[in-house]
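Hi,

Here is the structure I promised to pass on to you. Please open it next to this message, and my notes on what turned up follow below.

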Amino acid sequence: MLDPSTVPIALRGMYEVARRDEPDAVRYYYDLVRDPRFAALEMRVVVDWGPGALSWHQWALDKPVIELRDPNSLGPCPDYRDIDLSLAKLAFLTRHEEANPSWRDRLSPVGGIYLLTDRARDRLYVGQAGGETGFWGRWRAYAEQRTGNVSIEPAFDAGELRPESTTLSILDVVPRGASAKIALDRLEVRWKERLCTRTAGYNRN
């Protein structure tokens, strides 16, 4: 477990200074060139940047490496409200599940109400995820394009829901339990009405 003061920063790239200008005593300008030798480590090496997290330039170069991510990792699963996942990325996650355990572990224990957004056609669909595998289990069906949904299956078959421009996000989280289904049904109806997905989206009921 990381120390609470640890500020993990993923390596975005390594650069070398191609040219440096000093127009006066207080200003410096650099032309940077990306070094391709380190491309295989980009977004994989995670270092502890230290307490000066907002300072992108630091003199200290002895940053400890705290993680070397699997090359198939997309990084840790964000907070539920920050998830906005394309079907293309979802398919990648399900193919490389072992390299992305935080997504499975975070999305499996809970269900709730999710929103499918077809950005190419500006259409929405509100659905619910429950059962033993929560959001993760329900969304895996979208990754495989076999949802069993009478509203969504025809759109997949017609090629309307493109993996790159169709996203899934979470509207409400509902813990699993005996009363979860009642809460899910109520919330699903509420979101369908708020977002008008029956009249201007994919929902049929």
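The buried residues of H1 are covered by elements that include strand S6 (84-86), H2, H3, H4 and S9. Here buried means under 20% relative accessible area, exposed means over 50%, and partly exposed is in between, with a 1.4 Å probe and protein chains only. Helices (H or I, at least four residues) and strands (E, at least two) are DSSP runs numbered from the N terminus. In H1 the buried residues are Leu87, Leu90, Ala91, Leu93 and Thr94. Seen down the axis of H1, these residues fall within an arc of 160°, so they line one face of the helix; the arc is taken over the directions from the helix axis to the C-beta atoms.

Before going further, a word on the source: this is a predicted model, in which local features need pLDDT of at least 70 and side-chain atom pairs count only at pLDDT 80 or more, while totals for chains, interfaces and linings use all residues. Residues are numbered from 1 along each chain as its sequence is written, and side-chain values use heavy atoms, with hydrogens and water left out.

Now the core. A nonpolar core is a set of buried Ala, Val, Leu, Ile, Met, Phe, Trp, Tyr and Cys residues joined through side-chain atoms within 4.5 Å. The largest one has 27 residues, and Ile83, Leu107, Trp139 and Tyr142 have the most contacts inside it. At least two residues of this core come from each of helix H1 (87-95), helix H2 (101-107), strand S7 (110-118), strand S8 (123-129), helix H3 (134-143), helix H4 (153-157) and strand S9 (166-175). H3 gives the most, with 5 residues. A second, separate core of 9 residues includes Val174, Leu184, Leu187 and Trp191.

What does tryptophan 139 contact, leaving aside its neighbours within four places in sequence? The list is Ile83, Leu90, Leu107, Tyr114, Leu168, Ser169 and Ile170, where contact means heavy atoms within 4.5 Å. One of these, serine 169, lies in strand S9 and is buried, with a relative accessible area of 14%. Beyond four places in sequence, serine 169 is in contact with Ile83, Asp84, Tyr114, Leu115 and Trp139.

S9 also takes part in strand pairing, which requires that DSSP finds at least two bridges between two strands. S7 and S9 pair in the antiparallel sense over 9 bridges, and tyrosine 114 has isoleucine 170 as its bridge partner in S9. S6 and S9 are antiparallel too, joined by 3 bridges, with threonine 167 in S9 as the bridge partner of serine 86.

Elsewhere, there is an open sheet of 3 strands in the order S1-S4-S5, with antiparallel pairing. Strand S1 (8-10) and strand S5 (65-68) stand at the edges with a single partner strand each, so one side of each has no neighbour in the sheet. S1 is joined to strand S4 (residues 45-48) by 3 bridges, and proline 8 has aspartate 48 as its bridge partner in S4.

Finally, have a look at serine 73, in the loop between S5 and S6. Not counting residues up to four places away in sequence, serine 73 touches Ala99 and Asn100. The C-alpha atoms of serine 73 and arginine 27 are separated by 39 Å, with the two residues 46 apart along the chain.

Best wishes
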